[in-house]
Amino acid sequence: MAKSLSNIELNLNQFSPIAQSALQHFNLSARQEKVSFEKGVWANETPPAGYIRLRGNAQNPVFLAATQAALGAHIPCLACTSIKTEFGSLYWLSIDEWLIVTSVESRATLQAKLEQSLTGIHSLVADQSGGMTTIKVLGKHAADALSHCTVYDLHALNMGKVVGTSFGKLSVFLCADHDGYRLLFRRSFADYIWRYLERAAEPYGFAIANLS
Amino acid sequence: MFVITCPHCCEAREEEEFHYEGEAFIARPVDPEAESDEAWGDYLFTKKNPKGWHWEMWNHATGCRKILVLKRNTANHIIAGSWTLSDARKEYDNERATA
Ligand SMILES: [Zn+2]
């Protein structure tokens, strides 16, 4: 008994988890190409990022001041808007909910700053890095391909706008960038969303984009 | 398919983004333990189900995930308006006061 327990201890010491892409089985990085005009739709999963979910009362000036102090930026309080900051992006998700996307390296520091700044204020700060991922879609037919996947009218999606909408039978946050679209969603949706997107994009000419 | 304006997202969206949540403004008994089975069953299961104007709740399920209230005509599917719960309550009370 004692022996097997110490074995478990040993294994735990050796346990060093590494974050793996939710689309790992598609081997995207080996199949990616330089983006060109030859294909109508390009897509790829973006590199791992730090995702922080922030909740609080947008009507409460104390909450707003505290988040501003921690982030060095005002959280977007206008529906369906996002902003770029020096640490990454801030997305409005709901009247009391925001998504902060930053680098894997700066996530912990930023989260600690937020938590400290929001101490005693009714709010929530949660690390969702393990639970979320992003797919970037670009190309001249990106909107055409996405129109097969979502009910949202892509013509209404101006740059920087973020909307929670459908993707097949699932839901995603869809955001327009200067060079295409960004799909932010739960990691467990990744397989379904990738296959769906690939199928929808195929008639327009689809390839996996080298995003770096 | 309905096009529903979400008062939180401030935008008209497809019905597919929403979940129906049933009749709005059914008052929950203040003391459920004290209710008779009939009264409690009535609270849970008896709905107005009118032909005509109906005040109902929807959840913007893929979007902001908040509840909103629609006034919808069940006979011709015309939507008179959509509000947040608190704004709709005022409209609803006004309508009942003037009826
Ligand atoms: Zn909404």
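Start with chain B as a whole: of its contacts (heavy atoms within 4.5 Å) between residues at least 6 apart in sequence, 51% join residues at least 24 apart. This is a predicted model, in which local features need pLDDT of at least 70, side-chain atom pairs count only at pLDDT 80 or more, and totals for chains, interfaces and linings use all residues. Residues are numbered from 1 along each chain as its sequence is written, chains are lettered from A and ligands numbered from 1 in the order in which they are written, and side-chain values use heavy atoms, with hydrogens and water left out.

**Chain B, overall**

Keep chain B selected and colour it by secondary structure. Two helices and six strands make up its elements; helices (H or I, at least four residues) and strands (E, at least two) are DSSP runs, numbered from the N terminus. Followed from the N terminus, the order is β-β-β-α-β-β-β-α. Along the principal axes, the C-alpha atoms of the chain fill a box of roughly 45 × 30 × 25 Å. Chain B has 99 residues, and 38% of them count as buried. Buried means under 20% relative accessible area, exposed over 50%, and partly exposed in between, with a 1.4 Å probe and protein chains only.

**B:Cys10**

Next select B:Cys10, in the loop that runs from strand S1 (3-6) to strand S2 (11-14) of chain B. Its phi is near 55 degrees, a positive value in a residue other than glycine. Most residues other than glycine have a negative phi. B:Cys10 counts as exposed because its relative accessibility is 59%.

Move along chain B to B:Asn73, in strand S5 (residues 67-73). B:Asn73 is buried, since its relative accessible area is 10%. Show its surroundings: apart from neighbours within four places in sequence, B:Asn73 is in contact with B:Gly52, B:Trp53 and B:Ile78. A polar atom of the B:Asn73 side chain also lies 3.5 Å from the backbone nitrogen of B:Asn76.

Then select B:His77, in the loop between S5 and strand S6 (79-83) of chain B. B:His77 is not a glycine, yet has a positive phi of about 65 degrees. With a relative accessibility of 43%, B:His77 counts as partly exposed. Residues up to four places away in sequence aside, B:His77 touches B:Phe2 and B:Arg72. The side chains of B:His77 and B:Arg72 are joined by a polar contact of 3.1 Å. A polar contact is a pair of N or O atoms within 3.5 Å; within protein, one must be able to donate a hydrogen and the other to accept it, and residues adjacent in sequence count only if both atoms are side-chain atoms. Draw a distance from B:His77 to B:Gly52 as well: these residues are 25 apart in sequence and 8.8 Å apart in space, C-alpha to C-alpha.

**A:Glu97**

Switch to chain A and select A:Glu97, in strand S5 (residues 97-102) of that chain. A:Glu97 counts as buried because its relative accessibility is 6%. Its side chain makes a polar contact of 2.5 Å with the side chain of A:Arg53. Not counting residues up to four places away in sequence, A:Glu97 touches A:Arg53, A:Leu54, A:Arg55, A:Tyr91, A:Trp92 and, in chain B, B:Arg65.

**Two helices of chain A**

Now show helix H3 (residues 61-71) and helix H4 (residues 104-117) of chain A, which pack at an angle of about 150 degrees with axes 9 Å apart. Axes are lines fitted to C-alpha atoms, for helices over the stretch in contact, and angles run from 0 to 180 degrees between N-to-C directions. That angle makes H3(A) roughly antiparallel to H4(A), a term for angles over 145 degrees. To see the contact, select A:Ala66, A:Thr67, A:Ala69, A:Ala70 and A:Leu71 of H3(A) together with A:Leu110, A:Lys113, A:Leu114 and A:Ser117 of H4(A).

**A:Leu138**

Finish at A:Leu138, in strand S7 (residues 132-138) of chain A. A:Leu138 counts as buried, given a relative accessibility of 11%. Leaving aside neighbours within four places in sequence, its contacts are A:Gly40, A:Val41, A:Trp42, A:Asp179, A:Gly180 and A:Leu211. How far is A:Leu138 from A:Thr109 in sequence and in space? The two are 29 residues apart in sequence and 32 Å apart in space, C-alpha to C-alpha.

How values were computed: Angles under 35 degrees count as roughly parallel, over 145 as roughly antiparallel, 65 to 115 as roughly perpendicular and the rest as oblique.
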